Every structure is written in structure tokens, then in C-alpha cells.
Amino acid sequence: MDKSYSKSYKDAGVDVTAGYRSVELMKKDVASTAREEVLDTIGGFGGLFAPKVAGMKKPVLVSGTDGVGTKLKIAFLMDKHDTVGIDCVAMCVNDVICAGAEPLFFLDYIACGKNEPEKIAAIVKGVANGCKESGCALIGGETAEHPGLMPEDEYDLAGFTVGMVEEEKILDKNSVMAGDVCIGLASSGVHSNGFSLVRKVFGIDNAAVLDQYREALGAPLGEVLLRPTKLYVKPVLSLLNKVHVKSIAHITGGGFYENMPRAFGENLSACMTKGSWPILPIFDLIQKKGGISEHDMFNTFNMGIGMMVIVAKEDVEAALASLKESNVPAYVIGEMVPGSHTVTFR
């Protein structure tokens with residue numbers, strides 16, 4: 001018998017050998033995210049990373065942490081767990097690049113009612129895919145079995161990332177001026193915000209609701225809702241190397257009204273132009289089905305714009321060209337005007 005096996009602990013609901021099995025199953029995916037700065041492999045007590053700072057005057061570390069939220073309920077009902085890890089990564093790295101930083105490494109935390117090694121490995125596969133697409137290394141994580149605290153077939157997923165940027169290149173919202181232009185980068189869907197409202201609107205409490213084909217969406221509801229959050233890291237880093245970007249806002253929970261003002265000063269407002277970008281069908285369906293006001297939609301969801309960058313008028317064409325080269329649909333969605341730190345529509 002394996003000396004690490006504990007019958008008493010297993011009888012209490014925690015199977016330590018299942019944890020070891022999970023680690024073995026995920027090792028290949030974790031290794032696929034490695035950067036040359038990674039000094040250790042999975043299995044130690046801490047992830048080791050030696051950042052390259054040669055040539056930098058004053059490197060600044062930028063950190064971000066977040067989870068997937070109640071979107072996980074969709075994954076539970078559909079029994080599909082290999083994409084929510086992408087959401088977890090995206091919610092963290094998309095925040096870090098708003099400072100102009102390159103994400104370097106990522107760690108995840110999974111709490112589960114029961115450790116099913118194949119399910120845990122599928123979750124981490126999604127995390128690894130998100131890390132690879134963002135160019136950051138998955139250098140560690142934790143899976144904790146919590147019997148009695150949560151149902152056996154459920155889990156929670158959160159993550160943490162660290163990025164780095166030269167201090168003089170940190171984006172400064174106070175550099176934004178009236179007349180500057182707001183460019184919106186298209187989202188892939190609902191991303192990972194507003195799902196408590198989504199589940200209420202559609203009455204999502206079983207898989208049958210999610211399996212229903214929706215003509216307006218051209219796909220089953222569950223398939224559209226589970227689409228992972230768009231990762232903007234590489235397109236934005238490329239943009240920053242070509243164009244003077246003044247500020248960036250990640251459009252997450254709180255939608256336009258909460259997130260956009262975080263990207264400009266108190267004496268300005270963002271004036272958005274209605275109809276300047278395509279609102280995705282899922283948002284039209286949510287609004288119609290739930291009888292939700294336009295204000296509440298823009299105050300909850302990304303409405304088809306997952307990230308906003310602010311540039312001077314003379315840099316608009318170059319910015320759009322860079323984003324097109326990165327295969328990210330982008331639109332001029334508004335401009336900065338004198339105001340009282342709000343978002344308005346015209």
C-alpha cells in the first residue's frame with residue numbers, strides 16, 4: 001500500500017491519492033506553458049520565476065486576481081470543464097495589461113467537494129490553454145478538497161497573475177484629454193460577468209434549458225454562454241509597441257458605467273456613439289427575455305466590447321490597423337469630452 005494513503009482521511013471525505021493523481025494528469029499541460037524564466041517544475045512548495053530585468057531602468061510588478069464566478073454553474077450543468085480555466089486566466093491577465101504590463105506567470109486555486117482527477121485535469125487544461133495564449137507561465141496552484149463545505153460535484157476556481165512593466169511605461173489615465181478617441185475591442189460573448197442575472201433571466205437550473213437551440217443565437221444557449229472570455233494580452237502588447245495608448249479599461253462586472261471611468265480623470269466623460277459597434281445577439285436576447293432596461297444592460301454586461309483603449313485622434317488609424325493585424329475586431333465607439341467622470345450615450 002502507498003504510504004501516502006490514509007484510510008481515515010478518505011473515510012472523512014478527503015482522498016489524498018486522488019490529489020496526487022490530479023497532479024500527474026495535469027503535468028503535461030502545465031509544462032506546455034513554461035517560459036525560460038521558470039526555474040522549477042510542478043510539485044514543489046512554491047513556483048520559481050527569475051524575471052529578465054536587464055536593460056530596464058525601474059521594473060514594476062503588477063498583480064491581478066479574480067475568479068470565474070457563477071458562470072461555473074453553466075459548466076456544472078453541461079458537465080464541460082475544459083474552458084472555464086480560460087475565463088479564470090482572462091479575468092486576471094486582461095486586468096494586468098490595463099497598466100501596460102506583460103503577464104509573466106499565473107497560479108490557480110481550485111476548491112472542490114470531491115477530487116475527481118479527470119475533472120480537475122480538464123479544468124487545469126483550460127487554465128494552461130489560457131496561459132499559453134497569453135504568453136504567461138503556469139508555475140503552480142492548489143487543489144483543495146472540501147467535503148461537507150460544498151457539493152461533491154461542484155468546485156470554485158480562482159487565479160492570480162503577476163506582470164511587469166517599465167515604470168515610465170505605466171499607462172496614466174491622467175494623460176487622457178478631451179478629444180481623445182475610445183476604441184472598443186470586440187468581446188467573445190458574455191465573458192465571465194453578470195451570470196447571476198443571466199441564470200435568473202433564463203431560469204437556468206437544469207441542462208435542458210442550456211441544450212435548447214436558440215434561433216436568434218444560431219446555437220444552443222449553453223454553448224453560447226460557456227464561450228470563454230476573450231484574451232487580449234498579445235494583441236494589446238503588440239498595440240502598445242506600435243501606438244501611444246493613453247489608457248485602457250477592461251469591461252467586466254459593472255459594464256460600461258463602472259469600468260470605463262477607471263480609465264480617465266475626474267474632469268472628463270466618455271461619450272459613446274450608439275450603433276458604432278455590433279451588439280451581440282446574446283445581449284439582445286437577454287434584454288428582451290428579461291425585460292431589462294438599456295441602462296441596466298450597459299451597467300452589467302460588456303455588450304460586445306470587452307476592452308476599451310483610449311488614443312489621440314491622430315493615432316486612431318494606426319491603432320485600428322494594429323488590432324486588425326492581430327485579428328481583433330475593433331471599432332471607434334466614442335470620444336472623451338469635458339464632464340464629471342461619467343459615461344454618456346448619443
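Helices and strands are DSSP runs, a helix having at least four residues and a strand at least two, and they are numbered from the N terminus. The exercises below apply this to a predicted model.

**Exercise 1. Find the salt-bridge partners of Glu24, Asp29 and Arg35, and describe where the residues lie.**

Step 1. The structure holds 15 salt bridges, and one of them joins Glu24 to Lys27, with 3.4 Å between the closest N and O atoms. Both residues belong to helix α2 (residues 16–31), where they are three residues apart, or about one turn of the helix. Lys27 is partly exposed, because its relative accessibility is 32%.

Step 2. Asp29 pairs with Lys125 through a salt bridge of 3.7 Å, N to O. Since Asp29 lies in helix α2 and Lys125 in helix α5 (residues 117–134), the pair ties together parts that are 96 residues apart in sequence. Asp29 is buried at a relative accessible area of 17%, whereas Lys125, at 37%, is partly exposed.

Step 3. Arg35 forms a salt bridge with Glu37, and their closest N and O atoms are 2.8 Å apart. Arg35 and Glu37 are both buried, and salt bridges with shared partners join Arg35, Glu37 and Glu102 into one network.

**Exercise 2. Describe the overall build of the protein chain from its helices and strands, its radius of gyration and its contacts.**

Step 1. The protein chain has 13 helices and 12 strands. Its radius of gyration is 21 Å, close to the 20 Å that the globule rule gives for 346 residues, so the chain is as compact as a globular protein of that length.

Step 2. Of the 346 residues, 49% count as buried, and the chain exposes about 15,700 Å², of which carbon and sulfur atoms supply 52%.

Step 3. When contacts between residues at least 6 apart in sequence are considered, 84% join residues at least 24 apart.

How values were computed:
Residues numbered from 1 in each chain as written. Predicted model: local features only at pLDDT ≥ 70, side-chain atom pairs only at ≥ 80, totals over all residues. Heavy atoms only, no water. Salt bridge = Lys/Arg side-chain N within 4 Å of Asp/Glu carboxyl O. Buried < 20%, exposed > 50% of the residue type's maximum accessible area, 1.4 Å probe, protein only. Rg over C-alpha atoms; globule rule 2.2 N^0.38 Å. Contact = heavy atoms within 4.5 Å. Areas by Shrake-Rupley, 256 points an atom, 1.4 Å probe, with all protein chains shown as cover.
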